[in-house]
Amino acid sequence: CGPGGMGLGAKLASDEHKKHKIDHLWATDSDENACRTYARNICGNDDDKSVIPSRVEDLDYSTLDHPDILSFGFPCNDYSLVGEKKGINGYFGPLYTFGVKGLNEFNPLICVAENVSGIRSSNEGEAFLKILKELRQAGKGYELTTNEFHFEKYGIPQKRHGVVIVGFRK
């Protein structure tokens, strides 16, 4: 969940008549400070139990409520254009598979995944193709749309270019 960028965007996505609303169900991050920040910004208190401090590798999906929308931003360290550029072969690179695991477990109506724009060229473009293939084939299958955003143009206080993948269950 990080400090809550995607969660805040979802929270703010409700229309003005409250006909359509996205509610927080649960979130997880390995960093306890990120969890407290997320809980404060999204849930309204620092120690909300729906924000789970856990490494995603240790998360017991069977204990979690099934979401209609599963959103996840897997670590960008290995996909960033700065740094070691290990891509899918790095320590953080394969963590997207836990989003795929969530899609297999919950089979939500919609999935949203986000990462840095460097993911497109990582491992000579092969990493991105592999990730898209696995997302498409997860659960009952997903139709995917990808877009690159320059987040600073949307009021985000950082010059970060990211790729957002949106999937609709077939």
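**Reading a helix against a sheet**

Mentor: Let us begin with helix H3, whose buried residues pack against S3, S4, helix H4 (126–137) and S5. Please keep in mind that this is a predicted model.

Trainee: Which residues of H3 are buried?

Mentor: The buried residues in H3 are Phe98, Gly99, Val100, Gly102, Leu103 and Phe106. After H3 comes Asn107, which has a positive phi, near 45°.

Trainee: How should I read the sheet, and in what order do the strands lie?

Mentor: The general idea is that strands of a sheet pair through backbone hydrogen bonds, either parallel or antiparallel. Here, four strands make an open sheet with mixed pairing, and their order is S3-S4-S6-S5. S3 and strand S5 (142–150) are the edge strands, each of which pairs on one side only. From one strand to the next, the twist averages 15°.

Trainee: Which elements of the sheet does H3 touch, and what angle does the direction of H3 make with that of S3?

Mentor: H3 packs on the sheet and touches S3, S4 and S5, while its direction makes about 175° with that of S3. Moreover, S3, helix H3 (residues 97–106) and S4 together make a right-handed β-α-β unit.

Trainee: How many bridges join S3 to S4, and do these strands run parallel or antiparallel?

Mentor: Strand S3 (residues 69–73) is joined to S4 by five bridges, and the two run parallel. Two examples may be located in the view: Leu70 has Cys111 in S4 as its bridge partner, and Ser71 has Val112 in S4.

Trainee: Which strand is joined to S4 by seven bridges?

Mentor: That is strand S6 (residues 161–169), which runs antiparallel to S4. Within S6, Ile165 stands opposite Ala113.

Trainee: Why is S4 described as largely enclosed by the rest of the structure?

Mentor: As a general idea, in a regular strand the side chains alternate between the two faces of the sheet. As for strand S4 (residues 110–116), six of its seven residues are buried, so the strand is largely enclosed by the rest of the structure.

Trainee: Let us turn to the rings. How many aromatic pairs does the structure hold?

Mentor: Two rings count as a pair if their centres lie within 6.5 Å, and a pair is edge-to-face if the planes are over 60 degrees apart. The structure holds eight aromatic pairs. One of them joins Phe74 and Tyr79, with 6.0 Å centre to centre and 85° between the planes, hence edge-to-face.

Trainee: What are the distance and the plane angle for Tyr91 and Phe92?

Mentor: Tyr91 and Phe92 form an edge-to-face pair, at 4.9 Å centre to centre with 85° between the planes. Tyr91 is exposed, with a relative accessible area of 54%, whereas Phe92 is partly exposed, at 28%.

Trainee: Which residues are linked into a cluster by ring pairs?

Mentor: The cluster consists of Phe72, Phe74, Tyr79 and Tyr96, linked by ring pairs.

Trainee: Where does the charged end of Lys101 sit?

Mentor: The charged end of Lys101 sits over the ring of Tyr61, 4.6 Å from the ring centre.

Methods. Residues are numbered from 1 along each chain as its sequence is written. This is a predicted model: local features need pLDDT of at least 70, side-chain atom pairs count only at pLDDT 80 or more; totals for chains, interfaces and linings use all residues. Side-chain values use heavy atoms; hydrogens and water are left out. Rings of Phe, Tyr and Trp (its six-membered ring) pair if their centres lie within 6.5 Å; planes under 30 degrees apart count as stacked, over 60 as edge-to-face and the rest as tilted. Buried means under 20% relative accessible area, exposed over 50%, partly exposed in between (1.4 Å probe, protein chains only). A charge sits over a ring if NZ of Lys or CZ of Arg is within 6 Å of the ring centre and within 35 degrees of the ring normal. Two strands pair if DSSP finds at least two bridges between them. A crossover is right-handed if, with the strands pointing away from the viewer, the path from the first strand over the helix to the second runs clockwise. Axes are lines fitted to C-alpha atoms, for helices over the stretch in contact, and angles run from 0 to 180 degrees between N-to-C directions. Contact means heavy atoms within 4.5 Å.
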